[in-house]
Amino acid sequence: ALLRSFYAVPADAFEVRSPERQLYTVARFALAQELSIAFAVTAAPLALIGAAIEKHSESLLRDIRDGTLANEGIDPALHRSLSRGLRPDKARARLLEARIADGKRPIPKHFFPELALVTCWHHAAAAAHLAALRDVWGDVPMRHAIYSATEGWLNIPLSDTNPNGVLAADAAVVEFMAPDGQTFFAHEVREPGRYEI
């Protein structure tokens, strides 16, 4: 609950079934806040959200000004739930409009000047969407995403240039197996040594 209180977008927004309306919904909630970090598993969702912001900027700013969420393509019960806490925010809409004055593209790069970090996978196949992400989010620092799986978050990246990181030893139980089949916990492995996870 504490972490969720820092999120700009409610988890229910990701239950919108139509991909285009889901992007719109996420964009609507994101634009209502001053974002300091944007994160996704890969670069593609962030690139697509940026494209949705650009495509629907007029409608998105109107929704923020009026305290609404366009309802087409959203299940009525889900729309009611998502709309429950929305309030008109004319000041935020005016601020966003000012940020794209003088013909600036209506993209995250201009809407979120306080954005300090984007985190997502951006190596291997995920790199295919990096150019599109940079086009709309700008030259913000980019950190590789934490490696995760259904078992949990497994590493903590230590640099912007290397996707590897240290084991998040408190996030999951990981056993290491030596070539002879003997197993060890993280605090038991020794150098030199070769292990499989």
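Visitor: What should I know before we start?

Guide: This is a predicted model, where local features need pLDDT of at least 70, side-chain atom pairs count only at pLDDT 80 or more, and totals for chains, interfaces and linings use all residues. Residues are numbered from 1 along each chain as its sequence is written, and side-chain values use heavy atoms, with hydrogens and water left out.

Visitor: What makes β1 and β2 a pair?

Guide: Two strands pair if DSSP finds at least two bridges between them. β1 and β2 (residues 117-121) have four bridges, in the parallel sense, so they meet that definition. Within this pairing, I37 stands opposite L117 of β2. Strands here are DSSP runs of E with at least two residues, helices are runs of H or I with at least four, and both are numbered from the N terminus.

Visitor: Why are β1 and β3 called edge strands?

Guide: The open sheet has three strands in the order β1-β2-β3, with parallel pairing. β1 (37-42) and β3 (142-143) each pair on one side only.

Visitor: Which residues meet where α3 and α5 pack?

Guide: From α3 come L61, I64 and R65, and they meet K90, R92, A93, L96 and E97 of α5. Contact means heavy atoms within 4.5 Å. The residues of this contact divide into four nonpolar, no polar and four charged.

Visitor: Why is A52 called buried?

Guide: A52, found in helix α2, has a relative accessible area of 7%. Buried means under 20% (exposed is over 50%, partly exposed in between, with a 1.4 Å probe and protein chains only), so A52 qualifies as buried.

Visitor: What does A52 touch?

Guide: Leaving aside residues up to four places away in sequence, A52 touches L23 and L60. A52 and L23 are 29 residues apart in sequence, yet 6.3 Å apart in space, C-alpha to C-alpha. L60 is one of the buried residues of α3, and those buried residues pack against α1 (19-31), α2 and α5.

Notes
Ala, Val, Leu, Ile, Met, Phe, Trp, Tyr, Cys and Pro count as nonpolar, Asp, Glu, Lys and Arg as charged, and the others, Gly among them, as polar.
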